[in-house]
Amino acid sequence: MSTLAIGDLFASGLDKVSQGVTEVENNPVLNITIFAAFVAVTMFIVLRASKNNKSASDYYAGGRSFTGPQNGFAIAGDYLSAASFLGICGAIAVNGYDGFLYSIGFLVAWLVALLIVAELMRNTGKFTMADVLSFRLKQRPVRMAAALSTLAVCFFYLLAQMAGAGGLVSLLMGIDGKVGQSLVVAVVGALMIIYVLVGGMKGTTWVQIVKAVLLILGAFAMTIWVLALNGFNFSSLLASAVNNSGVGEAILEPGQKYGENPLDFISLALALVLGTAGLPHVLMRFYTVPSAKEARRSVVWAIWLIGGFYLFTLVLGYGAAALVGADAIENAPGGVNSAAPLLALHLGGPILMGFISAVAFATILAVVAGLAITAAASFAHDIYASVIKKGKVEDPDAEVKIARRTVIVIGAVAIIGGIGVQGQNIAFLVALAFAVAASANLPTIVYSLLWKRFTTRGAVWSIYGGLGSAILLIAFSPVVSGSETAMIPGADFVLFPLSNPGIISIPLGFILGWIASITDKTVESPELAAEMDVRAHTGFGAEEAVEH
């Protein structure tokens, strides 16, 4: 890095580089004030929304009262997580072209969600993914498998958000110790529990809408600012990134991250592109609209919003590389996840950095709230009401009470797990959640909606096989052990050479579902299969409860 580049870093508010850690000039009082303002506003929204939570439909699906555009913004708010903002900007700033592949994968994935699952899931289900998967199959085994898969995906996704929260606030407050970051994670978990307990899906949805608007506007403003500094010449921006990257033109070329093992890239791409259509918390958003038409509108709105945002990340990532520098980003508290806040610090000083970081913090809160209510609904609706009580819940409010208690447990587990993954790249952690979703959920969703010969045994084999193989491969991959950046740095029990299991676990989920179904002599109800087909493709009867 040149003397001039280092001088620019000093001028932009990076105080000094010493002992391998970049110290960031901050105003903790200003940052805490901005954070508190965001939390107060969102809490007010949640309290207002909670007044209308009178039934299970209100708590789980927001009373199906949101329009397509509103739900489109909420989907964008749910989907544009800390990985989308913090992780991808950092990945592009450090790895260039290969980092932008995350943006491409996340965006293309929405075409799969639109073409395969959005409308069909909305028409067939009631509250959860398991409603669809068990519609024409045996209720108890399929619901149990789908619920466990939902909980697993939500857990992996929650880990990523918690890691992002710890890294973000450690950057703002200059906290570099494990204890301080762990305390931050605990505070995020506590806020998540309060949001979901009080607001349910309505409160969570409005928080996601507000957060999506602020995040997209903030990213847009920073994008225009970065382009203006380069004369609105993108080539000039790329040239500056090349000069300040430390790796030269390699930051513009494929292979900076995945050049050594192309199979790892293929595995990651499969997980990103196919995972969205199997994410339970995204699928649950389709149940908050009143009709299939609004479900389609919401996905179209979401695609435009998400697509625009991911274009912004390209400018922001290379802008961070050009104006801040990869070395400064990697050595700052929070590591690669600090690229976007450090860029904001360079552009607008502590005030802009505090605002952008508060938006990122609101992003994390909104996403973890969505994940928590999805996991709670899955346990209460699928395991408690349908499996334990066999669909005979005497007290209408009992299911919602169980869901609220589940939120507390999920929050505690998320806090413990989030403390354990501090320092990991959150875009990478989310990719693992996508791999689990694509392996365990997508095969069963596709077969249930489109293949009449699919059986209960096929669903159970597909879900458990995809889920088990994905988790097993992750456990014995370089993600967990065998490298300095692994979750367990001192250990080495690597048996699977790839960082993402998708290339093995996703096809395995489809194969197991197919083999189990064609070898199963059981014939599932043709009447229910016909009803599901009509409902999925026409929307007729979609408002009725799904109980068989």
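The lining of the largest cavity comprises 7 nonpolar, 4 polar and 1 charged residues (Ala, Val, Leu, Ile, Met, Phe, Trp, Tyr, Cys and Pro count as nonpolar, Asp, Glu, Lys and Arg as charged, and the others, Gly among them, as polar). The model is predicted: local features need pLDDT of at least 70 and side-chain atom pairs count only at pLDDT 80 or more, while totals for chains, interfaces and linings use all residues. Residues are numbered from 1 along each chain as its sequence is written, and side-chain values use heavy atoms, with hydrogens and water left out.

**The largest cavity**

Please select Thr128, Met129, Thr150, Pro280 and Thr374, which are the closest to the centre of the largest cavity among the 12 residues that line it. A cavity is a set of points, on a 1 Å grid over the protein atoms alone, where a 1.4 Å probe fits but cannot get out; lining residues have an atom within 4 Å of a point. This cavity holds about 60 Å³ of space, a volume being the space filled by probe spheres set on the points. The search of the whole structure finds 2 cavities of 30 Å³ or more.

Next, colour α7 (129-133), α12 (280-283) and α15 (339-388), the elements that give two or more residues to the lining. Helices are DSSP runs (H or I, at least four residues), numbered from the N terminus. The largest share, 3 residues, comes from α15.

**From α15 to α16**

Axes are lines fitted to C-alpha atoms, for helices over the stretch in contact, and angles run from 0 to 180 degrees between N-to-C directions. On the α15 side, the contact includes Phe379, His381 and Tyr384, and on the α16 side it includes Glu399, Ile402 and Thr406. Contact means heavy atoms within 4.5 Å. The residues of this contact divide into 12 nonpolar, 2 polar and 1 charged.

**From α16 to α9**

Now select helix α9 (residues 178-229), whose axis comes within 9 Å of that of α16 and crosses it at roughly 160°. That makes α9 roughly antiparallel to α16. Among the contact residues are Met192, Ile193 and Leu197 of α9, together with Arg404, Val407 and Ile415 of α16. The contact of α9 with α16 has 12 nonpolar, 4 polar and 1 charged residues.

**The pair α19 and α20**

Finally, select helix α19 (residues 456-475) and helix α20 (residues 502-518), which pack at an angle of about 155° with their axes 7 Å apart. They are therefore roughly antiparallel to each other. The contact includes Gly458, Trp461 and Gly465 of α19 and Leu508, Gly509 and Leu512 of α20. Its residues divide into 7 nonpolar, 9 polar and 1 charged.

Terms used. Angles under 35 degrees count as roughly parallel, over 145 as roughly antiparallel, 65 to 115 as roughly perpendicular and the rest as oblique. On a 1 Å grid over the protein atoms alone, a cavity is a set of points where a 1.4 Å probe fits but cannot get out, and a pocket is an open set with protein on both sides within 12 Å along at least five of seven lines; lining residues have an atom within 4 Å of a point.
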